[in-house]
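Reader: Can we go through this one together? I'd like to ask as I look.

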Amino acid sequence: MKCEICNEREAAIHISKGSGLTHQEQYLCEQCANQSMDINYNQTDNPFDIQTLLKMLAGNSKRDQTDTEEHACPTCGATLQSIVKNGLFGCSHCYEYFERHVPEIVTRVQLNQQRHIGKIPSQAHDTLKLKRDIETLERTLQEKVKTQAFEEAAVIRDQIQELKDGGAHE
């Protein structure tokens, strides 16, 4: 794979930043990595010694904190950091002001769930299931009538009536 900056030399370094929606990957050659990250890869034994890595990570986290702290909602004054920490937006204008960060915040708050499944109260579960079953049978009944399968349609009609009668007693 070629270096993503110079597109000349072979990429020898894989850099991965962020997580979730902010995850970024970059493949660089040693020269471009030296220039972009200010790391000296010509150190004696191990170019990725723990001190160098910790310094680099500390520098990135400080830079990220100052970036997020500088921005505050003009209406309520909520910062991106306070929204992430509390899991709550300060006001309705925060959604517009922090629009590009909303998907990441929601993903964090929802424990990396990308899709909302919903929640049904336990007492309504049986009622909703009965309603869905009746709707499904009614669609099937309409199809049978269209295809003129009247005997099968009569059986389905009776099933629907049984469900409706049984559902009315509960």
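Reader: What share of the contacts with a separation of 6 or more comes from residues 24 or more positions apart?
Author: In the protein chain that share is 21%. Contact means heavy atoms within 4.5 Å.

Reader: Where does the model come from, and how are things counted?
Author: This is a predicted model, in which local features need pLDDT of at least 70 and side-chain atom pairs count only at pLDDT 80 or more, while totals for chains, interfaces and linings use all residues. Residues are numbered from 1 along each chain as its sequence is written, and side-chain values use heavy atoms, with hydrogens and water left out.

Reader: How many helices and strands are there?
Author: The protein chain has seven helices and two strands. Helices are DSSP runs of H or I with at least four residues, strands are runs of E with at least two, and both are numbered from the N terminus. Along the sequence the order is β-β-α-α-α-α-α-α-α.

Reader: Which part has a UniProt annotation?
Author: Residues 131-166 carry "domain: UVR" in an unreviewed UniProt entry. UniProt positions are given in the numbering used here, feature names are shortened, and annotations may be inferred rather than shown by experiment. That span is 92% helix and 0% strand, and its end C-alpha atoms lie 12 Å apart.

Reader: New topic. How much of the chain is buried?
Author: Of its 170 residues, 18% count as buried. Buried means under 20% relative accessible area, exposed means over 50%, and partly exposed is in between, using a 1.4 Å probe and protein chains only.

Reader: Which residues make up the largest nonpolar core?
Author: It has 10 residues: Cys73, Ala78, Leu80, Ile83, Phe89, Cys91, Cys94, Phe98, Val102 and Ile105. Helix 3 (80-86) and helix 5 (102-109) are the elements that give two or more residues to this core. A nonpolar core is a set of buried Ala, Val, Leu, Ile, Met, Phe, Trp, Tyr and Cys residues joined through side-chain atoms within 4.5 Å. A second, separate core has eight residues, among them Ile13, Ile15, Cys32 and Ala33.

Reader: And how many aromatic pairs?
Author: There are two. Rings of Phe, Tyr and Trp (its six-membered ring) pair if their centres lie within 6.5 Å; planes under 30 degrees apart count as stacked, over 60 as edge-to-face and the rest as tilted.

Reader: Why is the pair of Phe89 and Tyr95 tilted?
Author: Their planes stand at 35 degrees, so the pair counts as tilted, with the ring centres 4.2 Å apart. Phe89 is buried at 18% relative accessibility, whereas Tyr95 is partly exposed at 46%.

Reader: What about Tyr97 and Phe98?
Author: That pair is edge-to-face, at 5.0 Å centre to centre and 85 degrees between the planes. Phe98 is buried at 2% relative accessibility, and Tyr97 is partly exposed at 39%.

Reader: Where is Gln148, and what is its phi?
Author: Gln148 sits in the loop between helix 6 (122-146) and helix 7 (150-169). Its phi is near 60 degrees, a positive value in a residue other than glycine. Gln148 is exposed, at 60% relative accessibility.

Reader: Last one: what does Ala11 touch?
Author: Leaving out residues up to four places away in sequence, Ala11 touches Met1, Lys2, Cys3, Tyr27, Leu28 and Cys29. Ala11 lies in the segment before strand 1 and is partly exposed, with a relative accessible area of 22%.
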